[in-house]
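Could you look over this note before the structure is passed on? The points are set out for a reader who works from coordinates.

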Amino acid sequence: MDTIVINGGNKLHGKVRISGAKNAAVAILPAALMSTGKISLSNLPDINDVRTLIAILENLGVGIRRRGRNAVELKPARLRGYSPPYELVKKMRASYYLMGSLLARFGRAEVPIPGGCDLGPRPIDQHLKGFAALGVDIEIEHGLIKLKVANKMRGAHIYLDVVSVGATINLMLAAAAAEGRTVLENAAKEPEIVDVANFLNAMGASIKGAGTDVIRIDGVSQFGSAEHIVIPDRIEAGTFMMAAAATGGEVVVEEVIPKHLEAVTAKLREMGAAVAVEPERIWVKRTGKLLPSDLKTFPYPGFPTDLQPLSMALLTAAEGTSIITENVFDGRFRHVDELKRMGAQIKVEGRTAVVEGGLPLSAAPVTATDLRAGAALVVAGLMAEGETVVSEAEHIDRGYEQFEEKLRGLGASIKRVRSRSGIMVRKPY
Ligand code: EPZ
């Protein structure tokens, strides 16, 4: 596994262009296989999850033409199968979107049960409950989820017990091809859901209300060609905004949608950072001391759970006691032990972490447990004097395009060390 080596203490300065949203792209690529026309996608982030999904689509017979680093043309007409290969699917959880899109295309899907993740249990009961409501028969055996509908899915009125991004999108994909109207109640409202709905409508779907908690989907019988530009990644943008505050620097994140970052902007201002918002960019500057903060994660438009690890790293620099409550996932605190190895004073009780900030972090070897925890450890390394080595950096590559390059462009002293057969190859900065 690769490692990322950081020589901390530099303040980040400059501008960084934000890539396309991972959590929109990993749903839009599976959705593309519902089309029998030609699909052109741009502003795709060049990350491992996108590469894995493109490989899965190719394996299923979709014609693929890469148009540079961030764009692709797809021809799904020749799609031949509905059983994506396990060795690719196991690499990413979001492959569960293949259930909804293959059901829409074929009325059948056989998808390996999605792998676990280091955020605690990741059930898909709401996805399956919704598919059953649409008339899908579901069998789970030998690690496979086998979904089949006798003739066509029928629209249904589905009330989600849990506000779930994945279930909302997956059911939108399937219902788009069901007969009649489907209403999703208690739907999640994330911007990525709106982006997927816009893409589906561009292919000919009839979806209204995405972005609210009630989504109405009138099924259609076929999906045609479409062009789509993926929205910017609000989590990547928030990561760089928090890194700017954490290092005491001044950074402009460009090509963002500020509306998607309102909770993050508000929280950074509350912590004492200066934040200025323009139509497509946000400027962040740490002016003086950081202030402690009580932070609670919630589904959108609340503070995003994906930035909880980053906010924890940041709050170690705020003098005083901060309380972080993780309301979305059980056990999304795997990064706490790693931050404590760097001297952070953090106590976890159930869903709450109490951070005693103000003491400087000390550089140390640490391990990334998931992509956002990995990003948080890199930011902690930027804050700490000395050399921090973050191992298992592949986690970060799943969701951040050119992470070290973008940080180096902002003045960070950071290198990736590729471990060849386990031998650490160390290069000078
Ligand atoms: C999406 O995961 C994102 N992933 C996650 O981002 C993000 O943290 C999460 O939404 C919350 O915003 C993608 O979009 C690919 P959920 P998802 O279903 O859809 C429970 C990242 O770092 N739940 O909204 O899997 C679940 O356990 C990743 O980019 C059920 O109980 O999240 C959790 O507690 C990490 N049953 C809560 O709902 C279900 O059937 C929210 O999960 C589904 C979910």
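1. The model is a predicted one, and its local features are taken from residues with pLDDT of at least 70. Side-chain atom pairs count only at pLDDT 80 or more, whereas totals for chains, interfaces and linings use all residues.

2. The chain is divided into two parts, of which domain 1 is made of two segments, 3-19 and 232-426, while domain 2 covers 22-229. Taken over C-alpha atoms, the centres of domain 1 and domain 2 are separated by 30 Å.

3. Where the two domains meet, 26 residues of domain 1 are in contact with 22 residues of domain 2. The area buried between them is about 2,000 Å², and carbon and sulfur atoms give 48% of that area. Y300, R398 and E401 together supply 31% of the area that domain 1 buries against domain 2, which is more than any other three residues supply.

4. Three salt bridges are counted between domain 1 and domain 2, and the structure holds 27 salt bridges. Side chains of opposite charge can pair when their charged atoms come close. The side chain of E401 forms a salt bridge with that of R69, at 4.0 Å from N to O; given that a salt bridge is counted within 4 Å, the reader may wish to look at this pair in the model.

5. R69 also has a salt bridge with D46, in which the closest N and O atoms are 3.0 Å apart. Because D46 lies in the loop between β3 (39-42) and α2 (48-59) and R69 in the loop between β4 (63-66) and β5 (71-75), this pair ties together parts that are 23 residues apart in sequence.

6. Which residues lie nearest the centre of the second largest pocket? They are A246, R286, A317, P360 and M383, out of a lining of 19 residues. The elements that give two or more residues to this lining are α8 (234-247) and α12 (371-383). About 340 Å³ of space lies in the second largest pocket, and by class its lining has nine nonpolar, five polar and five charged residues.

7. The count of cavities of 30 Å³ or more comes to one, and the largest cavity has a volume of about 40 Å³. The residues that line the largest cavity are T316, G343, A344, Q345, E356, G357, L359 and L361. By class, this lining has three nonpolar, four polar and one charged residues.

8. Two backbone features deserve a look in the model. The peptide bond from Y300 to P301 is cis, with omega near 10°, and P301 is found in the loop between β17 (294-297) and α10 (308-315); Y300 is also one of the three residues named above for the area that domain 1 buries against domain 2. H142, although it is not a glycine, has a positive phi of about 50°, and H142 lies in the loop between β7 (137-141) and β8 (144-148).

Definitions and conventions: Residues are numbered from 1 along each chain as its sequence is written. Side-chain values use heavy atoms; hydrogens and water are left out. On a 1 Å grid over the protein atoms alone, a cavity is a set of points where a 1.4 Å probe fits but cannot get out, and a pocket is an open set with protein on both sides within 12 Å along at least five of seven lines; lining residues have an atom within 4 Å of a point. Grid points are joined across faces, edges and corners, and a volume is the space filled by probe spheres set on the points. Helices (H or I, at least four residues) and strands (E, at least two) are DSSP runs, numbered from the N terminus. Ala, Val, Leu, Ile, Met, Phe, Trp, Tyr, Cys and Pro count as nonpolar, Asp, Glu, Lys and Arg as charged, and the others, Gly among them, as polar. Domain bounds come from an automatic or database domain assignment. Contact means heavy atoms within 4.5 Å. Buried area is the accessible area (1.4 Å probe) that two parts lose on being put together, summed over both.
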